[in-house]
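Here are my notes on this one, written as numbered points. Keep the picture open while you read and click along.

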Amino acid sequence: MKKILKRNTAFLLPYLLFLIVAGFFLATQAKSGIHIYINGFHCAIVDKLAPYVTYLGSGIAVAILVLLLFCNYRFAIIAIGAYVISSIITQGLKHTIFKDVLRPTAYFQNVHPLYFVPGVKMDLYHSFPSGHATTAFAVYFSLALIVEKKWAKFLFLIVALSVAYSRVYLSEHFLNDVYFGSIIGVSSALFSYYMVENSKLLSEKTWLNHSLISKK
């Protein structure tokens with residue numbers, strides 16, 4: 001595990017900084033106050049981009065999982081494993097323990113007026129944790145674990161963070177929703193990668209190094 005962490009400092013070190021900074025605000029400020037503050041910053045360009053960026057944590061991420069099947073089965077298993085594990089955890093929490101947690105739209109209704117990006121459909125319930133943020137960090141950290149280039153690892157972090165920010169910017173989630181969603185995603189990716197790379201059963205399967213388009 002130490003080797004895995006050391007090889008991925010380009011992703012993990014700035015991610016740790018995010019956890020520290022965001023964690024400080026979450027520990028010292030109410031989630032409502034943080035959201036109102038973030039909601040006060042908006043512009044036309046981000047209004048246009050945010051709805052598309054948020055899809056990088058859902059549809060696009062799933063498409064990447066499919067594309068990995070054409071690249072390498074082992075890589076695909078790692079990423080799909082991270083996606084499945086993180087989804088089970090997130091959706092389980094959303095619909096059981098935290099099923100009544102309100103999203104910003106419902107939370108601030110008749111309490112404080114929020115700015116909403118025109119044309120975006122707003123959800124009311126199942127706020128914690130953020131499914132989009134969880135998926136983004138699970139899939140893009142899986143990609144960071146797979147690639148060798150440090151700049152690519154850092155780029156995948158930027159994409160994941162952008163998805164998380166877009167969820168708060170669109171008032172679909174609070175900061176704590178994406179914060180803990182990111183932890184679930186990263187943890188799931190690490191677990192999936194470790195299990196695949198250290199499984200005696202899978203390590204003996206040479207076909208895992210092939211893909212849908214490679215010659216068997």
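**Notes on the model**

1. Let's start with proline 129, which sits in the loop between helix 7 and helix 8. (Helices here are DSSP runs of H or I with at least four residues, strands are runs of E with at least two, and both are numbered from the N terminus.) The peptide bond joining phenylalanine 128 to proline 129 is cis, with omega at about -10°.

2. Some housekeeping before going on. This is a predicted model, where local features need pLDDT of at least 70 and side-chain atom pairs count only at pLDDT 80 or more, while totals for chains, interfaces and linings use all residues. Residues are numbered from 1 along each chain as its sequence is written, and side-chain values use heavy atoms, leaving out hydrogens and water.

3. Back to that loop between helix 7 and helix 8: asparagine 110 lies there too. Asparagine 110 has a positive phi of about 65° although it is not a glycine. Is asparagine 110 buried or exposed? Asparagine 110 is exposed, with a relative accessible area of 82%. (Buried means under 20% relative accessible area, exposed over 50%, and partly exposed in between, using a 1.4 Å probe and protein chains only.)

4. Phenylalanine 116 is in the loop between helix 7 (104-107) and helix 8 as well, and at 32% relative accessibility it counts as partly exposed. Which residues does phenylalanine 116 touch, not counting those up to four places away in sequence? They are Thr105, Met122 and Ser171, where contact means heavy atoms within 4.5 Å. For scale, the C-alpha atoms of phenylalanine 116 and asparagine 72 are separated by 41 Å.

5. Serine 171 belongs to the loop between helix 9 and helix 10 (175-197). Serine 171 also has a positive phi, near 60°, without being a glycine. At 0% relative accessibility, serine 171 counts as buried.

6. Now the rings. The structure holds 15 aromatic pairs. (Rings of Phe, Tyr and Trp, the last by its six-membered ring, pair if their centres lie within 6.5 Å; planes under 30 degrees apart are stacked, over 60 edge-to-face, and the rest tilted.) One of the pairs is tyrosine 140 with phenylalanine 156, stacked at 6.4 Å centre to centre with 25° between the planes. Tyrosine 140 lies in helix 8 and phenylalanine 156 in helix 9 (residues 150-169), so the pair ties together parts that are 16 residues apart in sequence.

7. Why is the pair of tyrosine 165 and tyrosine 169 called tilted? Because their planes are at 45°, with the ring centres 5.9 Å apart. Tyrosine 165 is partly exposed at 41% relative accessibility, whereas tyrosine 169 is buried at 5%.

8. Ring pairs also link up into a cluster, whose members include Phe11, Tyr15, Phe128 and Phe180.

9. Last stop: threonine 135 in helix 8 (residues 131-146). Threonine 135 is buried, with a relative accessible area of 9%. Leaving aside neighbours within four places in sequence, threonine 135 is in contact with Gly57, Ala61 and Tyr83.
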